[in-house]
Every structure is written in C-alpha cells, then in structure tokens.
Amino acid sequence: MTSPTTRRSLSGIKSTGSPHLGNYLGMIRPAIALQATHDTFYFVADYHALTSERDNVNMRRSTYELAATFLAFGLDPSHGAIFRQSDVPEVTELTWFLSCVVTMGELERGHAYKSKKDTGDAGRAVHGLFAYPVLMAADILIYDSHVVPVGKDQVQHVEMARDMAMRFNHHFGETFVVPEAQVNETVMTIPGIDGRKMSKSYDNGIDIFLPAKKLKQRCMQIVTDSTPLEAPKDPDKDNVVALYKHFATADELADMKEKYRAGGYGYGHAKVALYDALERRLGPARETYEKLMSDLDTLEDILLAGAKKARSVAQEVNGRAREKIGFNRHPVSLG
Ligand code: TRP
C-alpha cells in the first residue's frame with residue numbers, strides 16, 4: 001500500500017518499434033530507479049503511437065515488448081503500476097478539457113508538429129500529432145503526478161503540461177498537481193552508431209534486447225574516425241567511449257581512456273569492450289525479457305492489473321475536473 005503522502009512518478013513511452021539504448025538510459029533506467037522513493041505509474045503510450053502506427057500486429061507487439069522491457073529491468077508491478085495507456089479511456093476525456101484551455105499558438109510551438117511544419121508538410125500532419133502535447137498533459141495530470149522522468153526530448157511537453165495544469169487551476173479552481181520533469185543531465189544525448197543522437201527516425205539505434213551476436217555486430221558498426229591503431233586517441237571525442245561510460249565501472253572507464261591516450265589500442269578493441277559491458281548488463285535482463293515474451297497471457301494479466309489500479313486514480317482525478325467544470329449530475333444551486 002502506498003501512503004497518501006508518497007509522491008508519484010509517472011512516465012510513458014511510445015510504442016513504435018523496439019526500444020533502444022537511448023530509451024533505456026534516458027528514461028527506462030531512471031524511471032525504474034525512482035521506485036525506491038516514489039509510487040510509480042508507467043505506461044505504454046499506445047494512443048500516442050496511433051499518430052503513426054497503422055498495423056495492429058505491430059501495435060500489439062510493441063506494447064508487449066515495452067511492458068516486458070520495464071519488467072525485465074526490475075520494475076515491480078506490485079509497487080506501482082505498469083499499464084497500457086488505452087486501458088484508461090478517461091484520459092481522452094481529460095484531453096478534451098485541456099484542449100479547451102490550451103491555445104493553438106502554444107500547440108504550434110510543440111516540436112513534433114513544428115518539425116513537420118518546417119518541412120512544409122503541416123497540412124498532411126494528422127490532428128493527433130498537433131494535439132500530441134494535450135494528450136500527454138492529460139496522461140500526466142490524470143494521476144496527480146509529481147515527477148515525470150523523461151528524456152531531454154520530452155521536456156518541452158512536460159512544460160506544456162505544467163502550463164495547462166496552472167491554466168485549468170486558474171480558471172476552475174485548484175484541481176491538478178503541477179508536475180515537474182526530471183531529466184538526467186549525465187545522459188542528455190546518447191549517440192547512435194553514426195554519432196548523431198540515437199533515434200528511431202535516424203535508424204542508428206542499438207536495440208536493447210538484440211540477441212548477443214547481433215548486439216556485437218551492431219557495436220562493431222559504430223562509426224569512429226580513421227586514427228590508426230598505433231596513434232593516441234582522444235577519448236572525449238569518440239562514440240564508443242560515449243556509450244561505454246554508461247555501462248562500464250569507473251575503473252573500467254578510466255582504464256579505457258588511458259589506453260586511448262597511450263596509443264596502440266584500436267577502436268576495434270574498444271568496441272569489443274563495449275559489447276562485453278553491454279552484455280554483462282543486458283544479458284540477464286534479456287533472459288527475463290524472453291521468458292516474459294513467451295508467456296503473453298501472464299504479461300497481459302500484469303497489464304490489466306496495472307490498468308485497474310491506474311484507472312481508479314484516473315476516474316477520481318477526472319471526476320474532480322468534471323465537478324469543477326460544472327458537469328455535476330447531482331442537483332446544485334444555480335446561484
Ligand atoms: N511522448 C512520449 C514518447 O514519445 C510518451 C509519453 C506519452 C509520455 N505520454 C507521456 C511520457 C506522459 C511522459 C509522460 O515516448
């Protein structure tokens with residue numbers, strides 16, 4: 001049981017494709033770490049995925065993959081809840097309420113829509129992409145969330161959620177908790193194998209649960225410069241080290257940096273060391289993940305139990321908003 005004074009951590013991750021190491025370091029790992037001090041509500045953002053996903057098999061697969069990923073890294077469903085966004089339909093009603101306090105101008109600055117607009121393609125963007133930050137605000141506000149652990153790219157959306165909460169509270173009276181984003185500064189930008197930010201849209205990611213052999217192949221594909229093996233290298237300007245530092249111990253990292261500076265140590269060696277460090281961390285979780293993915297009925301039960309818990313909070317908070325707006329059913333004075 002969570003005491004009413006426990007602060008709640010809430011986050012979601014969009015279910016499009018398999019999660020990569022950027023998702024793991026930026027959001028999954030810090031979100032799970034908050035279990036120690038917070039009541040945790042984490043969900044698979046399948047309503048958000050619908051802005052682009054058109055295949056129901058992929059929709060289901062990514063949902064299960066993401067839920068299994070959280071569980072494999074130690075998310076304890078008895079501690080908080082892991083659930084599917086679409087199992088809490090109240091969130092779409094709250095989205096409408098918030099749509100009536102947020103302005104077009106604010107949404108036009110939302111980066112998902114803005115980048116579409118910058119390519120001259122705004123007219124072809126679906127409305128869901130434009131309204132993406134409103135749905136996300138509803139996700140956050142409907143659980144009385146205090147902290148929202150997110151990757152850097154989602155900070156703007158959390159700021160917008162704060163603004164919507166304050167605006168609604170201003171118009172209708174104190175209703176929502178005003179949430180705060182939590183970003184891990186040390187993992188601001190995780191490079192992909194080509195050195196650009198690791199992102200699904202660049203296809204430069206390293207998926208978390210690649211089979212060991214594929215994981216190694218992917219590590220070997222990381223782009224490095226052409227400094228010859230014998231020459232000293234700058235560890236602070238290299239993509240392999242930039243990833244290694246998140247998975248190696250402090251001693252291992254210091255050791256690798258020293259070898260870079262000394263020369264006689266090639267990028268190939270560094271890539272193998274990276275693979276070893278990754279495998280050490282990901283290997284055991286991969287086993288759990290595969291077990292979970294081979295028993296979807298159990299996974300489904302976990303998701304449904306999570307939804308039940310989350311939904312009871314959502315109904316209460318959404319009911320509070322309905323009341324404040326004046327959607328009461330019980331007879332009240334019209335003043
Ligand atoms: N937009 C997030 C992503 O792309 C997913 C998300 C949806 C989310 N709703 C949220 C994250 C609420 C934090 C809080 O992954």
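**Ground rules**

I number residues from 1 along each chain as its sequence is written. Because the model is predicted, I take local features only at pLDDT of at least 70 and side-chain atom pairs only at pLDDT 80 or more, while totals for chains, interfaces and linings use all residues, and side-chain values use heavy atoms, with hydrogens and water left out.

**Overall build**

I began with the secondary structure and found 14 helices and 5 strands in the protein. Helices (H or I, at least four residues) and strands (E, at least two) are DSSP runs, numbered from the N terminus. The radius of gyration, taken over C-alpha atoms, is 22 Å, close to the 20 Å of the globule rule for 335 residues, so the protein is as compact as a globular protein of that length. That rule is 2.2 Å times the number of residues to the power 0.38. Along the principal axes, the C-alpha atoms fill a box of roughly 85 × 45 × 40 Å.

Next I looked at burial: 48% of the 335 residues are buried. Here buried means under 20% relative accessible area, exposed means over 50%, and partly exposed lies in between (1.4 Å probe, protein chains only). I also checked contacts (heavy atoms within 4.5 Å). Of those with a separation of 6 or more, 78% come from residues 24 or more positions apart.

**Charges and salt bridges**

I noted 41 positive and 43 negative side chains, with the centres of the two sets 2 Å apart. Lys and Arg count as positive and Asp and Glu as negative, leaving out His and the chain ends; each charge is placed at NZ of Lys, CZ of Arg, CG of Asp or CD of Glu.

The structure holds 16 salt bridges. For each I need a side-chain nitrogen of Lys or Arg within 4 Å of a carboxyl oxygen of Asp or Glu. I looked up three of them:

- Arginine 84 pairs with aspartate 87, their closest N and O atoms 3.0 Å apart. Arginine 84 is buried at 13% relative accessibility, whereas aspartate 87 is partly exposed at 21%.
- Arginine 124 meets aspartate 121 at 3.5 Å, N to O. Arginine 124 is exposed at 67%, and aspartate 121 is partly exposed at 27%.
- Aspartate 236 meets lysine 257 at 3.6 Å, N to O. This pair links distant parts of the chain, 21 residues apart: aspartate 236 is in the loop between helix 10 (212-220) and helix 11 (239-244), and lysine 257 is in helix 12 (residues 250-262). Aspartate 236 is exposed at 55%, while lysine 257 is partly exposed at 23%.

Shared partners also join Arg84, Asp87 and Glu300 into one salt-bridge network.

**Aspartate 46**

I found aspartate 46 in helix 2 (residues 46-49).

**Arginine 162**

My last stop was arginine 162, in helix 9 (residues 155-172). Arginine 162 is partly exposed, at 22% relative accessibility. Beyond four places away in sequence, arginine 162 touches Val178, Pro179 and Glu180. I also checked arginine 162 against alanine 314: they are 152 residues apart in sequence and 18 Å apart in space, C-alpha to C-alpha.
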